[in-house]
Amino acid sequence: MALESGIAQLVEAFIAAGRPSSREQNIDDRRAAYIASTALAGETETRVQIEDIELDAMAFRVISPLNSAETLPCVIYYHGGCFVSGGFATHDNQLRQLAWFSGCRVIAVQYRLAPEHTFPAAHNDAETGANIIWKYAQKLGVDRERITLAGDSAGGHLALVTALRLKAARQWQPAQLMLIYPMLDATARFASYDHNGQDYIITRDTLLSGYEMYMPKTDPLHPEVSPLWREDFNGLPPTHIITAEFDPLCDEGEALFHQLQKQGVDCTCQRYPGVIHGFFQLGGVSQTARNAMREVAWRVRSPSAEIIS
């Protein structure tokens with residue numbers, strides 16, 4: 001299938017600019033470019049309340065629908081950015097939209113980034129953040145029985161590994177996982193890395209340079225670096241995986257679907273055609289992104305809630 005028209009224009013501009021490589025950018029410029037890309041996120045959702053808080057020395061952003069109940073289902077959200085960039089600013093509109101359309105309280109976790117902080121800093125922060133939200137659930141207005149762990153790209157990786165850590169520790173478990181084009185295999189062995197690795201803005205270099213900065217001294221097949229290859233998925237909660245047709249990570253997301261199914265996890269997977277890695281944040285130029293937001297919101301919302309239009 002061809003690229004969706006709005007995304008095709010972005011890709012054409014990227015190719016015309018000579019396919020600039022993230023590997024050649026300094027980290028400050030790379031982070032600034034990610035923030036600048038939020039101009040493509042669409043109209044800012046204002047029907048929410050936002051509070052930045054600190055609990056147990058960690059930073060969180062809490063986004064709640066206006067006039068919502070005191071206790072709500074919760075989405076604990078881990079942002080993408082290849083482990084080296086991203087944060088509350090890069091995901092502001094997606095988090096607002098997710099809170100409004102789902103009727104859930106969305107709590108974003110700010111984890112440490114590479115190259116200043118290397119493996120397993122982000123993984124530890126992701127787990128710690130989830131446990132802090134669980135600990136303070138009543139104060140935060142969170143229904144402990146209806147917590148979704150969610151994330152995009154590196155954040156999808158962190159959501160999965162956090163659930164595995166919680167399971168191994170026999171602690172609480174989330175009700176479900178929502179993994180949006182997760183980074184899962186640092187060996188880049190799948191064909192989609194070759195087919196989609198050069199032209200589609202988030203390139204092979206973008207992804208692998210993120211791994212290299214975050215995990216410079218770690219075996220790429222470490223079970224928390226490339227969780228795709230693990231054999232301890234059994235017992236994870238229901239999981240939904242989103243992949244994108246023109247994403248270097250498309251194949252590994254779908255391989256995870258098969259791995260989870262094989263190991264007895266209730267799992268679904270949806271490939272969105274005509275779009276690239278990062279499309280979930282391109283609602284301003286992509287109808288598919290807007291559709292995906294509604295789909296994710298429907299999956300994480302309270303079962304008794306009505307779909308908000």
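Strands β1 (residues 48-55) and β2 (residues 58-65) run antiparallel to each other and pair over 8 bridges; strands count as paired if DSSP finds at least two bridges between them. Helices (H or I, at least four residues) and strands (E, at least two) are DSSP runs, numbered from the N terminus. The two strands make a hairpin with 2 residues between them, and Asp56 in the turn has a positive phi of about 50 degrees. Glu54 sits opposite Ala59 in β2.

Keep in mind that this is a predicted model, where local features need pLDDT of at least 70, side-chain atom pairs count only at pLDDT 80 or more, and totals for chains, interfaces and linings use all residues. Numbering starts from 1 along each chain as its sequence is written, and side-chain values use heavy atoms, with hydrogens and water left out.

As for confidence, pLDDT is the predictor's confidence in each residue, from 0 to 100. The chain has a mean pLDDT of 95, with 97% of its residues at 70 or more. Residues 303-309 stay under 50, and the model has 9 contacts for them beyond four places in sequence; a contact means heavy atoms within 4.5 Å. Where pLDDT is low, the predicted coordinates should not be read in detail.

Now the inside. A nonpolar core here is a set of buried Ala, Val, Leu, Ile, Met, Phe, Trp, Tyr and Cys residues joined through side-chain atoms within 4.5 Å. Buried means under 20% relative accessible area, exposed over 50%, and partly exposed in between (1.4 Å probe, protein chains only). The largest core has 61 residues, and Phe60, Ile76, Tyr78, Phe83, Leu160 and Leu256 touch the most other members. Helix α6 (residues 154-168) gives the most to this core, with 7 residues. A second, separate core of 35 residues includes Ile7, Ile180, Ile276 and Met293. Setting aside neighbours within four places in sequence, Leu160 contacts Leu177, Leu179, Leu184, Pro227, Phe233, Leu236 and Leu256.

Two loop residues are worth a look. Arg230 is in the loop between α8 (204-214) and β7 (239-244), and Ser286 is in the loop between β8 (267-272) and α10 (287-300).

| Residue | Relative accessible area | Polar contact of the side chain |
|---|---|---|
| Ser286 | 0%, buried | backbone nitrogen of Thr288, 3.3 Å |

A polar contact is a pair of N or O atoms within 3.5 Å; within protein, one must be able to donate a hydrogen and the other to accept it, and residues adjacent in sequence count only if both atoms are side-chain atoms. Not counting residues up to four places away in sequence, Arg230 touches Leu164, Pro223, Glu224, Gln259 and Gln263. With that same exclusion of residues up to four places away, Ser286 touches Glu4, Ile7 and Val275.
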